Every structure is written in structure tokens, then in C-alpha cells.
Amino acid sequence: FISSGPSQFGDRASGVFFGTSNASIVSMPFGRFINTSSGAHLTTGGTWTNASSRSLKTAFASIDPLAVLGKLADLPLNTWLYKNSVEGRHLGPTAEDFQAAFGLGGDGKSIATVDADGVALAAIQGLNQKLEKENAELRADLDRKSAAFDAQNAAFEIRLRALEAAR
């Protein structure tokens, strides 16, 4: 095949491997089109799969899902087109705004899918916490009003009995 422009490298292959420079054996597990040394891969069906095992991670720090939800609520979202692309409109934040809001990502020019997914999942947890808190407050308010109604109803019953007995 022929290159479509200057400064390109092209290779026709049934699979692509991105590994370490000192790898002595290059293998492509069945069902993977791209395989990385970190464990992330692109399946032959077209699904990008991030490596996410606890064994691959370190320096865990907890987050406040409600704070993430608040930042996400303030994050500017727009529809937009990539320059010089015909793939159509997209929806989402800019990498610069995403990094400013969450401090995630390396260069501020891209958003890793694992970070976007993590923010979305944290915001869902925050929304659930907010909903549970509001529901608990509404139930407590309803219980207070119900108790007050029951007390008022009991007082009316006593007054009604007294009026009926006086007749």
C-alpha cells in the first residue's frame, strides 16, 4: 500500500503490539487488536479496555463524591466538531476545563477515558448520597407532620366525645 502523506509510518498487520523495548517475546492474546504493556487493549470487536486492576495501582486517595458532583455541575459542556474531521459533532468538556476542575490528566490537552468514567461514577455516587439525604429529610419531616396530625386528631376525638356525651 502507499502512504497517504509525508512523515508517516505504515504497516499492514493483523495485530499491533505496544510493549516494552526490552520485551523478548511479542505475543498478541486472542481477541485483541492492540495490546499494551500496561494491560490496556483494543479488542478485535472495537472495545477499548483500560487496565484497572488494583495490582496495577498505587497511592490511593479517597474522594468526596458530593464535591465531584458539584464540580461536574459547574463544568462547561458544549457540542463541537474536531477541526479537519468529518466524523460529526461531539459533546463534552474541553481538556483544559476538565483538568482545571478535577486535576486529572497529564498534559491538559486530552481526557483519558478512565478519568472521564471515574468522574461520572463519582458524580453518580454523589447524586445518590444527595438523594438519600434529601429523602431521609423528607421522611423525617413527614414523620413529624404525621405525629402532629395524629396528636391533633386525638385531641379532636376527645372533644367530639365530650360534645356527644354532653348532648
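## Salt bridges and other local details

Arg 161 and Glu 157 join their side chains in a salt bridge, with 3.8 Å from N to O. Keep in mind as you read that this model is predicted.

**Arg 161 and Glu 157**

- These two partners, Arg 161 and Glu 157, sit four residues apart in helix 3, so about one helical turn separates them.
- Arg 161 counts as exposed because its relative accessibility is 52%, and the cut-off for exposed is over 50%.
- Glu 157 has a relative accessible area of 33%, so it is partly exposed.

- Within it, the side chains of Arg 144 and Asp 141 form a salt bridge at 3.5 Å, N to O.
- Both Arg 144 and Asp 141 belong to helix 3, where they are three residues apart, about one turn of the helix.
- Arg 144 is exposed at 53% relative accessibility, while Asp 141 is partly exposed at 27%.

**Lys 133 and Glu 137**

- Another salt bridge links Lys 133 with Glu 137, and their closest N and O atoms are 3.3 Å apart.
- You can find both Lys 133 and Glu 137 in helix 3 (residues 113-166), four residues apart, or about one turn of the helix.
- Lys 133 is exposed, with 54% relative accessibility, whereas Glu 137 is partly exposed, with 43%.

**A buried histidine**

- His 41 is part of strand 3 (residues 41-43).
- With a relative accessible area of 10%, His 41 is buried, because buried means under 20%.
- The side chain of His 41 reaches the backbone oxygen of Gly 39 at 3.2 Å.
- Leaving aside residues up to four places away in sequence, His 41 touches Arg 32, Ile 34, Asn 35, Thr 47, Trp 48 and Thr 49.

- Most residues other than glycine have a negative phi.
- Ala 59 is not a glycine, yet has a positive phi of about 55°.
- Look for Ala 59 in the loop between strand 4 (48-49) and helix 1 (65-74), where it is exposed at 69% relative accessible area.
- Asn 84 also is not a glycine and has a positive phi of about 55°.
- The loop between strand 5 (78-80) and strand 6 (90-92) holds Asn 84, which is exposed at 87% relative accessibility.

Conventions:
Residues are numbered from 1 along each chain as its sequence is written. This is a predicted model: local features need pLDDT of at least 70, side-chain atom pairs count only at pLDDT 80 or more; totals for chains, interfaces and linings use all residues. Side-chain values use heavy atoms; hydrogens and water are left out. Helices (H or I, at least four residues) and strands (E, at least two) are DSSP runs, numbered from the N terminus. Buried means under 20% relative accessible area, exposed over 50%, partly exposed in between (1.4 Å probe, protein chains only). A polar contact is a pair of N or O atoms within 3.5 Å; within protein, one must be able to donate a hydrogen and the other to accept it, and residues adjacent in sequence count only if both atoms are side-chain atoms. Contact means heavy atoms within 4.5 Å. A salt bridge is a side-chain nitrogen of Lys or Arg within 4 Å of a carboxyl oxygen of Asp or Glu.
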